[in-house]
Number of protein chains: 2
Amino acid sequence: MAAKDGNPKARDKGITPQGEDFSAWYNELVLKAELADRGPVKGTMVIRPYGYRMWELLQARLDQMFKETGHQNAYFPLLIPESYLKREAEHVEGFSPELAVVTHAGGKELEEPLVVRPTSETVIGEMFSRWISSHRDLPLLVNQWANVVRWELRPRLFLRTTEFLWQEGHTAHVDGADAMAETMRMLGIYVSFARDVAAIPVIEGEKTPGERFAGALRTFTIEAMMRDRRALQSATSHYMGDNFSRAFDITYANERNELVHCHTTSWGLSTRMLGAVIMAHGDDRGLVLPPGLAPHQVVIVPIGRGDERAAVDEAAARLATDMEARGVRAHVDGRDASPGFKFNDWELRGVPLRVELGPRDLASGQAVVVARLGAEGKQAVGLDSLAASVPDRLSAFHAALLERATSFGDEHTAAADDWDAFAAQVGEGFANALHCGRAECEDDIKAGTAATPRCVPSDGEPEEGTCVRCGLPSAYGKRLVFARSY
Amino acid sequence: MAAKDGNPKARDKGITPQGEDFSAWYNELVLKAELADRGPVKGTMVIRPYGYRMWELLQARLDQMFKETGHQNAYFPLLIPESYLKREAEHVEGFSPELAVVTHAGGKELEEPLVVRPTSETVIGEMFSRWISSHRDLPLLVNQWANVVRWELRPRLFLRTTEFLWQEGHTAHVDGADAMAETMRMLGIYVSFARDVAAIPVIEGEKTPGERFAGALRTFTIEAMMRDRRALQSATSHYMGDNFSRAFDITYANERNELVHCHTTSWGLSTRMLGAVIMAHGDDRGLVLPPGLAPHQVVIVPIGRGDERAAVDEAAARLATDMEARGVRAHVDGRDASPGFKFNDWELRGVPLRVELGPRDLASGQAVVVARLGAEGKQAVGLDSLAASVPDRLSAFHAALLERATSFGDEHTAAADDWDAFAAQVGEGFANALHCGRAECEDDIKAGTAATPRCVPSDGEPEEGTCVRCGLPSAYGKRLVFARSY
């Protein structure tokens, strides 16, 4: 049932309002919008067609960006000998607690247990060592789209699941300079993807040593602010130095025919990004999807009964065909249900533009257009010009969504120069603060406020001073971004 | 080194000729063409970029065909409770010997072991039972692209690997008629894909009871003849009746509000299809790729040294751009290597069309075109018309490849009416023969000749008589196709 002002609120769809319990809002919305469901094994996820279509759209765009920068896709095995993980000391220490282990196969106990890949540095390292022999083989730029398994004690759909889908890029280079350039190039691609496709503004920067990937020399991240003002790490890019090259003997003969270790990188973005889209844009009425990732960018709802309906259906179909010819994903909702039910349903599912078309609209040669962000209200648009206007309307929708998220981030980010201000600000959003760089001090901040350093932002202004927590001299030469996070 | 007639033979590339040892030819070619490599765990496979690109092209075409017939993609968990497989008696019996089992995860022994999916009927059955309640929810048409694990004792790259990639469609219907229609529709899609994209003619038909999928009431298959005249089962489509619906309680309320069990189907095609492409078309010089699955449909080799080379490179780049604008996947081989090396390399890798362009060609406004099938020899083609002619050349290449495979199949298929003729024919290729339908008799034939019934072909002529092996009255009402197979 719609609320009296005609603007159905969360309760009408059975979703807890964000302000009451953000976590409940999220869980209920993911299930009600049929994005995903819980699998039978604890922590596993079923990605339903509506959610999977978003993943496909994400894949297509990101994959194109990878190919345009010279990467090729390949596929490496799911099962990895347990001994491989042990070759890189920090790597095995980081991942051991999360491993799923196959001990029996083909009806027998295995001589060596196999781990289900939590990430593929080790098996790819082994293959790189077989494939690379000369400087002519470098750089080797490979990406894989795959599932990985990391045992989760506190699972959450899309955000932390025992199995998730991702892409993991793995590259080998002649030296550290070339590998670092790749690390930053791929971070830049994630920034572009987040902004230009997902309409999510992100802060890019480097992780502190305590937050690095297990086995990396440097880890870079993009961090986004969710509507509950927490941070979500949305993708990472790692420079490994020669750690994995030494562990897996990835060497090449340089131009003077000397045997040299490669420098490697890895970088990944997962189904977690769909969680970011839900939480960065959603409201009490449901999802708000960026056009780049919306399974349906426009839904046309034909209205009317009996004799009047055939002409409306025909006009709706024509409109959809016209939009599709312009590269728009349009859908006619021909279900046997009331218009009100359909409006609510597509609002919940976050469709950017809704077109309402009834017999009276048709008679006057127009349709009613409603954007999911809602600021413009209902607009009557001539049927002749409607389809042609959709690409621009979608661009404007994307821009408005990005602008809204950017303003929201700005409003809830502030500098904090003393501990009281810091503790208050991380309850409100992101705090920019100086820090001493000591792991014990990071732990202390986390214990006191539940906030962690999200990154040393790439574009931060040079600044020196004292640590916001302990008063020792600051490290990093600039402020860090602190926040509570997912 | 090229043989004296200028037509490099297998030995020149270090590949055993097909006629000498087909199996060695296959294994060597897969590795040398860099399609795949063996993974560290026995039976696992690494799909290298050239092979994976073929898989991507296959996926794109098949996925489009699925979507056009109303299917949506989704993703279901890799790990399945062991108890799920036991709910369908034949299913667990069929798959138990091949299972990989996770017994430990997150540092602890699990209460219930988890199997790594060998196929997903069970977990999808569980989810379908949650999602389906009314006849309005049907048909439910879902597909998933995923990896599966089946422990292999005699692994072979692409053909039988411990882990492989595939798509598995799973659908639920109101009754058997609707489910059977879906089963046959999807078989038809596989037939079209094999013929129109892979250039492989297939025999479609039904499996005998002994060759059915574990848990299916009826299994349909497409069978292709390889160049060693063995059969390769290239895709299957199964009608499950209500077996899985009863095991997982997939029911719906019909229009009279009675609770009824659904009828379900599943259908799959895997990376094995790439093995079919290699073995159906390859020759002693290497791969021969159908244009629909070729990573590069045309490779342009610029020839010349020093000052002359810049103009050639420029013309080659222009040619490639012109071809790409026409939807052709063109590649300029700018490597620092001899033209002869490049010709051999792309021949080995099966590129349909090679364009040779040197300074003298350029001066006379032409290039040399060589098709991988080779019948036409070298053709001089004017540079002005070359790019425009490529789409037609590729269509002709596809048609010639299909025609060659069709003739090859026809030449090596014959009816066999008595046991001696049968035993001789299955050594030569496919034998069409009447059979009694008894499992013991199938076993007897297999023990005597290594041949198995591949299918009861859909288009077989009605015929009755006596079994080619035991002389009892024939079953099935038509001849079966028998062959040795992969």
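In chain B, B:Val355 stands opposite B:Val369 in strand β18(B). This pair belongs to strands β17 (residues 353-357) and β18 (residues 366-371) of chain B, which run antiparallel and are joined by four bridges. Strands here are DSSP runs of E with at least two residues, helices are runs of H or I with at least four, and both are numbered from the N terminus. Two strands count as paired if DSSP finds at least two bridges between them.

Before going on, a word about the model: it is predicted, so local features need pLDDT of at least 70 and side-chain atom pairs count only at pLDDT 80 or more, while totals for chains, interfaces and linings use all residues. Residues are numbered from 1 along each chain as its sequence is written, and chains are lettered from A and ligands numbered from 1 in the order in which they are written.

**The five-stranded sheet of chain B**

Strands β17(B) and β18(B) sit in an open sheet of five strands with mixed pairing, in the order β16-β15-β17-β18-β19. At its edges stand β16 (330-332) and β19 (378-382) of chain B, each with a single partner strand, so one side of each is left without a neighbour in the sheet. From one strand to the next, the twist averages 25 degrees.

**The eleven-stranded sheet of chain B**

Chain B also has an open sheet of eleven strands, again with mixed pairing, in the order β3-β7-β8-β14-β11-β10-β9-β22-β23-β21-β20. Its edge strands, β3 (72-73) and β20 (413-415), each pair on one side only. Strand β3(B) runs parallel to β7 (residues 140-149) of chain B, with two bridges between them; there, B:Gln72 has B:Val142 as its bridge partner.

**Helices across the sheets**

Angles run from 0 to 180 degrees between N-to-C directions, and axes are lines fitted to C-alpha atoms, for helices over the stretch in contact.

| Helix of chain B | Strands of chain B it lies across | Angle |
|---|---|---|
| α2 | β7, β8 and β14 | about 5 degrees to β8(B) |
| α10 (residues 339-348) | β15 and β17 | about 170 degrees to β15(B) |
| α12 (residues 383-411) | β15, β17, β18 and β19 | about 135 degrees to β19(B) |

Helix α2 (residues 49-68) also packs with helix α6 (residues 176-197) of chain B, at an angle of about 145 degrees and with axes 11 Å apart. In this contact, B:Arg61, B:Leu62 and B:Met65 of α2(B) meet B:Ile189, B:Phe193 and B:Val197 of α6(B). Five of the contact residues are nonpolar, none is polar and one is charged. Ala, Val, Leu, Ile, Met, Phe, Trp, Tyr, Cys and Pro count as nonpolar, Asp, Glu, Lys and Arg as charged, and the others, Gly among them, as polar.

**Where the chains meet**

How many residues does each chain bring to the contact? Chain A brings 44 residues and chain B brings 44 residues. On the side of chain A that touches chain B, strand β5 (residues 100-105) gives the most, with six residues. By class, that side has 29 nonpolar, nine polar and six charged residues. Strand β5(A) runs antiparallel to β5 (residues 100-105) of chain B, and five bridges join them. One of the facing pairs is A:Ala100 opposite B:Ala105.

Technical notes: Contact = placed C-beta atoms within 7 Å.
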